[in-house]
Amino acid sequence: MSVDAATVRKVAKLARIAVEEDEIEPLANEISGILDWVEQLQEVDVSGVEPMTSAVPMRLKRREDVVTDGDRRDDILANAPDSREGFFAVPKVVE
Amino acid sequence: MTDLTSLSIADARSKLRAKEFSATELADAFIGAVEGGDALNAYCEKTPDLAREQARTADARLAAGDAPSLCGIPLGIKDLFCTKGVRSQSGSNILEGFKPPYESTVTTNLWDAGAVMLGKLSMDEFAMGSSNETSCYGNVINPWRRKGDDSALTPGGSSGGSSAALAASMAMATTGTDTGGSIRQPAAFTGTVGLKPTWGRVSRWGIIAFASSLDQAGPFTRTVRDSAIMLEAMASVDDKDSTSADIPVPDYEAALTGDMKGKRIGIPKEYSVDGMTAEATALWEKGADHLRAQGAEIVEISLPHTKYALPAYYILAPAEASSNLARYDGVRYGHRAKLSQGDGIDDMYAKTRAEGFGHEVKRRIMIGTYVLSAGYYDAYYIRAQKLRTLIKRDFDEAFEQVDAILTPTTPSPAFGLGEKSDPLDMYMQDIFTVTVNMAGLPGISVPAGLSPDGLPMGLQLIGKAFDEANLLNTAYALEDALEFMAKPEKWW
């Protein structure tokens with residue numbers, strides 16, 4: 001099995017998803033099953049092949065460096081679960 | 001009077017202009033159909049008041065002789081298009097109650113073209129699924145049933161609400177998005193036409209992202225002509241999406257001549273796979289015969305890296321999703337978990353995401369996080385991107401010989417809800433469609449016939465990049481020859 005319980009815990013932490021202890025083993029099995037299946041990509045010789053970076057070759061567009069939008073504080077805050085005095089509110093962050 | 005809800009866009013357009021009925025009457029007929037269709041669970045938000053208001057505006061434009069292409073045409077919109085002031089959750093609890101303060105470019109284009117919104121359509125959560133079973137709104141039921149069998153079937157996914165609503169005449173056309181097959185597979189399962197345009201043809205601005213290098217919006221319609229009308233309205237060159245192609249949108253409808261003389265159609269031998277039903281093979285041959293009879297030359301081609309498209313997709317799509325879905329943190333919109341005494345900001349993120357995301361989404365975020373993590377990035381992500389180059393190269397070489405490629409859309413017709421519990425079994429749904437997303441090409445599913453138990457099946461045509469005009473014309477010729485007229489028997 002390619003992914004063990006410790007790896008699942010580590011990945012869940014990196015992804016900021018709380019995972020209950022009884023979910024770890026089933027997740028390890030499912031993720032391993034999928035990763036074992038994608039292992040077949042190893043049989044292809046990819047030497048000298050460039051990784052694809054865009055589905056369609058195109059230059060990234062440029063535009064004038066000017067303000068086109070803004071002054072929408074209330075719109076931006078309208079969907080926030082908690083906002084106070086024009087700011088998003090979150091639990092206290094102590095470094 | 002004919003049943004207004006069964007008309008095509010093209011027919012309704014001319015009848016509206018001829019004043020045979022008003023946009024308001026048309027909207028009311030569809031609002032009634034939507035109200036009567038709750039058993040299918042296709043709509044997750046209904047907007048009858050907005051529809052009536054837009055229909056009144058459409059009637060005024062029709063009266064003034066200023067009617068654009070979709071004037072008064074009632075549409076359903078997939079839940080991941082942001083619609084101003086109307087709940088847009090991408091089928092997820094993490095976006096609980098989210099009402100965008102802006103409108104996506106695609107829907108803006110549709111309203112500018114005079115269309116009317118009936119409501120929002122259910123979908124797999126963040127478009128991750130092939131059966132609509134991961135939606136936070138519950139299963140959508142396919143209006144089609146097997147002959148003599150009442151069991152509930154999937155309308156396909158992820159755009160399952162879009163396919164079911166159209167097949168049940170609860171919209172004249174619907175919008176969808178397609179990352180690995182999410183328009184074409186549901187279209188095949190419901191006897192409708194589903195088009196995935198070239199990546200970059202339709203703006204992604206205001207569409208809730210799943211895998212940005214693969215996502216592309218497109219229409220579900222009754223006919224290929226309607227698909228051309230819808231694409232022309234949806235597509236645009238958009239300053240708000242720097243990846244929207246700087247290519248003018250052509251007149252797609254004008255390309256529909258049905259002339260196949262001198263065209264070369266490729267049949268890829270790698271698409272004959274184990275597990276394909278005999279009906280799918282027979283329909284594939286029938287489709288090729290029809291195109292040949294219309295003057296096209298049928299050519300066997302090879303796309304040797306086909307079998308690697310799906311496993312490479314299941315590295316790349318989760319990788320992009322893990323990055324795109326990092327924004328759901330309980331701060332700016334949607335759900336935030338109730339916190340316990342002493343919980344810090346990391347607890348807020350982790351609890352919010354654990355509660356808000358469903359199982360399939362969590363699993364894909366974790367796979368994406370894993371393949372992008374230190375030590376695995378080259379082995380998984382970079383290798384998959386190299387495979388993508390090889391898949392694209394296969395198509396480039398094939399298109400030196402042929403104008404379009406014909407394949408089945410899916411190996412088999414719609415399956416029963418709850419029938420596929422193994423994720424890999426579900427992922428195989430996209431085996432014939434995912435290659436197209438990997439290469440960024442346009443693809444269309446056209447209804448081809450019925451299976452022995454009475455379910456619709458589709459044929460897929462794949463075209464050259466930004467050559468939707470010729471692709472639609474080939475689909476038009478195929479549609480004309482196949483003469484698919486079947487409709488689901490109304491039981492809901």
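Colleague: What makes β2 and β4 of chain B a pair?

Modeller: Two strands pair if DSSP finds at least two bridges between them. In this predicted model, 2 bridges join β2 (residues 74–78) to β4 (residues 173–178) of chain B, so they qualify, and they run parallel. Leu75(B) stands opposite Ala173(B) in β4(B). Strands themselves are DSSP runs of E, at least two residues long; helices are runs of H or I, at least four, and both are numbered from the N terminus.

Colleague: What are the ground rules of the model?

Modeller: It is predicted, so local features need pLDDT of at least 70 and side-chain atom pairs pLDDT 80 or more, while totals for chains, interfaces and linings use all residues. Residues are numbered from 1 along each chain as its sequence is written, and chains are lettered from A and ligands numbered from 1 in the order in which they are written.

Colleague: Which strands of the sheet in chain B are called edge strands?

Modeller: β1 (43–46) and β8 (297–301) of chain B, each of which pairs on one side only. The sheet is open, has 11 strands and mixed pairing, and its order is β1-β3-β2-β4-β6-β5-β10-β11-β9-β7-β8. Its twist averages 30° from one strand to the next.

Colleague: Which helix lies across β1, β2, β3, β4 and β6 of chain B?

Modeller: Helix α5 (residues 160–167) of chain B, at about 155° to β4(B). Axes are lines fitted to C-alpha atoms, for helices over the stretch in contact; angles run from 0 to 180 degrees between N-to-C directions.

Colleague: Why does Ser22(B) count as partly exposed?

Modeller: A residue is buried if 20 or more other C-beta atoms, placed from the backbone, lie within 10 Å of its own, exposed if 12 or fewer, and partly exposed in between. Ser22(B) has 17, so it falls in between. Its place is in the loop between α1 (9–17) and α2 (23–35) of chain B.

Colleague: How do you know whether chain B agrees with a compact globule?

Modeller: The globule rule is 2.2 Å times the number of residues to the power 0.38, and the radius of gyration is taken over C-alpha atoms. For 492 residues a compact globule would be near 23 Å; chain B has 21 Å, so it agrees. Of its residues, 61% count as buried.

Colleague: Why is chain A called more spread out?

Modeller: Chain A has 3 helices and 2 strands, in the run α-α-α-β-β from the N terminus. Its radius of gyration is 23 Å, well over the 12 Å that the rule gives for 95 residues, so chain A is more spread out than a compact globule. In chain A, 17% of the residues count as buried.

Colleague: What makes a residue part of the contact between the chains?

Modeller: Two residues are in contact if their C-beta atoms, placed from the backbone, lie within 7 Å. The contact takes 39 residues from chain A and 55 residues from chain B. The largest share of the chain A side, 7 residues, comes from α2(A).

Colleague: How confident is the predictor?

Modeller: pLDDT is its confidence in each residue, from 0 to 100. Chain B averages 97, and 100% of its residues score at least 70. The complex gets an ipTM of 0.96 and a pTM of 0.97.

Conventions: pLDDT = per-residue confidence, 0-100.
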